[in-house]
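Subject: Structure handover

Hello,

Here is the structure I said I would pass on. Please open it first, then read the notes below.

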Amino acid sequence: MGRYVISGGKKLKGALRVNGSKNAALPILAATVLNGSINVLENCPKISDTKTALDILRHIGCETESEDKVLIINSSNISKTEIPEELVKKMRSSIIFMGPMLARFKKVTLYYPGGCELGKRPIDLHISAFRKMGAEIEEENGKIECFCEKLRGCDIELDFPSVGATQNIILAAVLAEGTTIIKNGAKEPEIADLCRFLIKCGAEIEGIGTSEIKITGVKNLKAATHKIIPDRIEAGTYLIMTAAAGGKITLENVNPIHISPLIDVLSKMGCKIKKYTSSITLKSTGHLINIPFVQTLPYPGIPTDIQPQLTALSSVARGLCRFEETIFESRTAHIPELIKMGADIELNGNCEFTVKGVRRLRGSEVFARDLRGGAALITAGLCADGITVVDNSSHVERGYEDIVEKLSEIGADITLKI
Ligand code: UD1
């Protein structure tokens, strides 16, 4: 288990290229199962979650090749329909293989991913949608066995616009018989990217980027080449880190529209931001002012995946900010760690807390309990006095490619000790 050692207080200055999106790459990697062909995915991030997705693909019989950020997946010789428990447990979003496996092979066995630091994270919306499409699903001791004679398109209204459930239903519906209409679907840009890949494969999908998505099943899908969209959460994280530490950063390969609510918050806090077609420049004195209220919401609201990093920033901004987390039932594991560093945060239940900015945080030894919480602790370390040690780099490595190299390039003093 690695640990990041950060000597805080250095201004960040320079340019970084944002990677391809983790949350777009993972469902598209699962989608390659559908066509039994050779798929070329460009701009894939080199992170441990994509390695896990490739492990799953290889386990079921795909041949994979990689050259830098290009992944080639040949899904023509898939021989297994079981996804091993250790891989599902390693990456919760392995559940995204359920839809495509069921659609192409009419059966799949996998395991319940279980809870995590963000709360219970059930998969009931995925399961009830597949049942409605004609799948029989048996759950016993954490094992989920699904089979069907065929999947039938139908109307599915989601109780909550779950990103994973929307993607999983789309992945099943593209090869189902008839038409599926998803109502109250999620609108995240990563879902639109998945749809664009599937359309290149020959899928029929309407309503992309809206909450009502219509999918007309086709008999077969063909090979495709696709470039993954930039990672809006990685981009947001580096903007927040620079806002907290102070300095000037230019991010290249970013879609400013995908992070416009965050840009809005950072501007109101006092950062100077310039947006271009595919780049952003942020300038910060490191002495910012809190806005009174931040609420996480489904896209296009403030993403829950940015809340921990914003909490760290808010800890060193002047004044009070009340946070409300509306997506996950408990996404606060970073808060006790920030408090160890001198942050003044009061938790009001699981989903609400108030941050009262302090002048400086102090370097401390803290523990990353989840991916974005880890990024929040690095953010805090970059602007704290003295040395911060963030234990448990494995979570951060799930979602940030070469974070140490990138931060070092722009002037941070950070090393990874194994
Ligand atoms: C995806 C993202 C994750 C992000 C999240 C919310 C990927 C790989 N992960 O996760 O980074 O934080 O969207 O933007 O893209 N829920 C249910 N039943 C279900 C499914 C979800 O109750 O069957 C609940 C969850 O417990 C959670 C909420 O819905 O409270 C949102 O979850 P969801 O949108 O499904 O998140 P993921 O797809 O798991």
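The second largest cavity is lined by Val18, Pro230, Asp231, Arg232, Ala235, Asn253, Val254, Asn255 and His258. Keep in mind that this is a predicted model. The volume of this second largest cavity is about 30 Å³. Four of its lining residues are nonpolar, three are polar and two are charged.

The structure has two cavities of 30 Å³ or more. The largest cavity holds about 40 Å³ of space. Its lining consists of Arg232, Gly236, His258, Ile259, Pro261, Leu262, Tyr299, Gly301, Pro303 and Ile306. By class, that makes six nonpolar, three polar and one charged. Helix H8 (232–245) and helix H9 (260–269) each give at least two residues to the lining of the largest cavity.

There are pockets to look at too. The second largest pocket contains about 390 Å³ of space. It has 16 lining residues, and Gly286, His287, Val316, Val358 and Arg359 lie nearest its centre. Its lining has eight nonpolar, four polar and four charged residues.

Next, the sheet. Strands of a sheet pair through backbone hydrogen bonds, in either the parallel or the antiparallel sense. Here four strands make an open sheet in the order S9-S10-S12-S11, with mixed pairing. At the edges are strand S9 (155–157) and strand S11 (204–206), each of which pairs on one side only. From one strand to the next, the twist averages 15°. S9 pairs with strand S10 (residues 179–183) in the parallel sense over three bridges, and Asp155 has Ile181 in S10 as its bridge partner. Helix H6 (residues 163–173) lies across S9, S10, S11 and strand S12 (213–216), and runs at about 170° to S10.

Regards

Conventions:
Residues numbered from 1 in each chain as written. Predicted model: local features only at pLDDT ≥ 70, side-chain atom pairs only at ≥ 80, totals over all residues. Heavy atoms only, no water. Pairing = 2+ DSSP bridges. Axes fitted to C-alpha atoms, helices over the stretch in contact; angles between N-to-C directions. Contact = heavy atoms within 4.5 Å. 1 Å grid on protein atoms, 1.4 Å probe; cavity = no way out; pocket = protein on both sides within 12 Å on 5 of 7 lines; lining within 4 Å. Points joined across faces, edges and corners; volume = space filled by probe spheres on them. Nonpolar A, V, L, I, M, F, W, Y, C, P; charged D, E, K, R; others polar.
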